[in-house]
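Below is a briefing on one protein chain. It covers the sheet, the helices packed on it, the salt bridges and the aromatic contacts.

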Amino acid sequence: MTYTTSSSTSNGRQALILVDIQNDFCPGGALEVQNGDKIVPVANDLAVEFATAGNLVVATRDIHPADHGSFASQHGTAVGELGELGGVTQVFWPDHCIEGTEGADYHPDLMVELIVREFPKGTDARIDSYSGFYDNDRRSSTGLAEYLRSQGVVAVTIVGLATDYCVAATARDAIAEGFATTVVAEGCRAVNMEPGDGEHALEELRNLGVAVV
């Protein structure tokens, strides 16, 4: 399967953002996204195309402390319940992507050797971080936008997990930061806590000017 990407030009470079393609979000993981592993070949095909064209491949990765406030276990609540964390509405999740565990590692088939820079997120126990650009309270930056600009990037393509949370949040911030933004739907899968959440997220992104292909 081939995805056409433009070569670097005088107008600027492109970047592929791989969002949280980690074991805990794939089948058998602590926060399993159905068929999450099926996106890995798409991500790899894109990564090869981007790297070959002289463009960048970067990745975000959830790396949580064991006492992260987004974990239902820290509040005595059921997984999926809503609450508040750091002044922001929060879904309480199962313990996942804990630093130093296999669940926090990239999927073993992902071509990590093509990743030129990783941007950890969710490292602060007091606030969650869906977006690859900012924590959910918008007070802390991962440095992704600044890095992309320093590399002359003007356009980004996004794949990863999950469509309705971290992919959508990353795409919203990418276009708000002024990057031409594309989401490859085949390279994403949704949590779908409510039926259709993934499709609703993609429609919202289209309305914001994100190209969904």
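Does Phe119 count as buried or exposed? At 2% relative accessibility, Phe119 counts as buried (buried is under 20% relative accessible area, exposed over 50%, partly exposed in between, with a 1.4 Å probe and protein chains only). The model is predicted: local features need pLDDT of at least 70 and side-chain atom pairs pLDDT 80 or more, while totals for chains, interfaces and linings use all residues. Residues are numbered from 1 along each chain as its sequence is written, and side-chain values use heavy atoms, without hydrogens and water.

**Sheet**

- An open sheet is formed by 6 strands in the order 5-2-1-6-7-8, with parallel pairing (strands pair if DSSP finds at least two bridges between them; helices, H or I, are DSSP runs of at least four residues and strands, E, of at least two, both numbered from the N terminus).
- Strand 5 (117-121) and strand 8 (211-212) are the edge strands; each has a single partner strand, so one side of each has no neighbour in the sheet.
- Strand 5 pairs with strand 2 (residues 56-62) in the parallel sense over 5 bridges.
- Pro120 in strand 5 is the bridge partner of Arg61.

**Helices on the sheet**

- Helix 1 (residues 40-52) packs on the sheet and touches strand 1 (13-19), strand 2, strand 6 (153-161) and strand 7 (180-189) (contact means heavy atoms within 4.5 Å).
- The direction of helix 1 makes about 155° with that of strand 1 (axes are lines fitted to C-alpha atoms, for helices over the stretch in contact, and angles between N-to-C directions run from 0 to 180 degrees).
- Helix 3 (residues 163-176) lies across strand 1, strand 5, strand 6 and strand 7, at about 175° to strand 6.

**Salt bridges**

- The whole structure holds 8 salt bridges (a side-chain nitrogen of Lys or Arg within 4 Å of a carboxyl oxygen of Asp or Glu).
- One of them joins Asp20 and Lys121, with the closest N and O atoms 2.7 Å apart.
- Asp20 lies in the loop between strand 1 and helix 1 and Lys121 in strand 5, 101 residues apart.
- Asp20 is buried at 0% relative accessible area, and Lys121 is buried at 1%.
- Asp20, Asp62 and Lys121 are linked in a network of salt bridges.
- Glu118 and Arg61 form a salt bridge at 3.0 Å, N to O; Glu118 belongs to strand 5 and Arg61 to strand 2, so the pair ties together parts 57 residues apart in sequence.
- Glu118 is partly exposed at 28%, whereas Arg61 is buried at 16%.
- Glu204 and Arg172 form a salt bridge whose closest N and O atoms are 3.3 Å apart.
- Glu204 lies in helix 4 (residues 197-207) and Arg172 in helix 3, so this pair ties together parts 32 residues apart in sequence.

**Aromatic contacts**

- There are 4 aromatic pairs (ring centres of Phe, Tyr and Trp, its six-membered ring, within 6.5 Å; planes under 30 degrees apart are stacked, over 60 edge-to-face, the rest tilted).
- Phe119 and Tyr147 form a tilted pair, 5.6 Å centre to centre with 55° between the planes.
- Phe119 is in strand 5 and Tyr147 in helix 2 (residues 144-150), so the pair ties together parts 28 residues apart in sequence.
- Tyr147 is buried at 13% relative accessibility.
- The ring centres of Tyr130 and Tyr165 are 5.5 Å apart and their planes stand at 70°, so the pair is edge-to-face.
- Trp93, Tyr130 and Tyr165 are linked into a cluster by ring pairs.
- The charged end of Arg61 sits over the ring of Tyr106, 5.3 Å from its centre (NZ of Lys or CZ of Arg within 6 Å of the ring centre and within 35 degrees of the ring normal).
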